[in-house]
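Biologist: Can you put the model up? I have some questions about what holds it together.

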Amino acid sequence: MKKIEAIIKPFKLDDVREALSEIGVTGLTVSEVKGFGRQKGHTELYRGAEYVVDFLPKIKMEIILPAEQVDTCVEAIIKAAHTGRIGDGKIFVMPVEQVIRIRTGEEGAAAV
């Protein structure tokens with residue numbers, strides 16, 4: 001089992017979700033997060049005063065799936081989230097030791 005964490009631009013969420021549905025991903029968790037990388041934030045003007053926005057709004061998606069589906073899933077996320085501009089995001093792939101469904105007690109792939 002593997003865990004994929006993808007940090008993407010908020011307006012790309014629906015595109016990525018649809019792409020994942022098309023390849024058979026049945027579940028994911030989405031969180032609204034803030035952060036910065038090479039973008040380093042930006043300056044905005046509010047009521048005549050300038051201020052720096054250091055942390056930009058992003059979406060973090062978390063997906064647990066069998067190892068053999070990882071490459072397909074990563075490709076789908078890249079294709080759907082890509083704009084070609086700075087701040088498109090990052091994808092992290094990590095091993096998952098154990099998954100347990102609380103309601104039934106199922107473990108492993110059956111719990112996903």
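The chat below covers the core, one lysine and the salt bridges.

Modeller: Keep in mind that this is a predicted model.

Biologist: Fine. How many residues has the largest nonpolar core?

Modeller: The largest nonpolar core has 18 residues. Those with the most contacts inside it are Ile4, Val16, Leu20, Ile63, Cys73 and Ile77.

Biologist: Which helices and strands each supply at least two residues of this core?

Modeller: Strands E1 (2-8) and E5 (56-65), along with helices H1 (13-22) and H2 (70-81). The largest share, seven residues, comes from H2.

Biologist: And what does Ile63 touch?

Modeller: Leaving out residues up to four places away in sequence, its contacts include Ile4, Leu20, Val25, Leu28, Cys73 and Ile77. Lys2 and Lys3 are also among them.

Biologist: Different topic. Is Lys12 buried or exposed?

Modeller: Lys12 is buried, with a relative accessible area of 13%. Lys12 sits in the loop between E1 and H1.

Biologist: Where does the Lys12 side chain reach?

Modeller: To the backbone oxygen of Ala80, at 3.4 Å. Lys12 also touches Ala81, His82 and Thr83.

Biologist: How many salt bridges does the structure hold?

Modeller: Five. Lys3, Glu5 and Glu62 are linked in a network of them. The closest N and O atoms are 3.1 Å apart for Glu5 with Lys3, and 2.9 Å apart for Lys3 with Glu62. Lys3 lies in strand E1 and Glu62 in strand E5, so that pair ties together parts 59 residues apart in sequence.

Biologist: What about Glu5, buried or exposed?

Modeller: Glu5 counts as buried, at 14% relative accessibility.

Key. Residues numbered from 1 in each chain as written. Predicted model: local features only at pLDDT ≥ 70, side-chain atom pairs only at ≥ 80, totals over all residues. Heavy atoms only, no water. Core = buried A, V, L, I, M, F, W, Y, C linked by side-chain atoms within 4.5 Å. Buried < 20%, exposed > 50% of the residue type's maximum accessible area, 1.4 Å probe, protein only. Helix = DSSP H or I, 4+ residues; strand = E, 2+ residues; numbered from the N terminus. Contact = heavy atoms within 4.5 Å. Polar contact = N/O pair within 3.5 Å; in protein donor to acceptor, adjacent residues only side chain to side chain. Salt bridge = Lys/Arg side-chain N within 4 Å of Asp/Glu carboxyl O.
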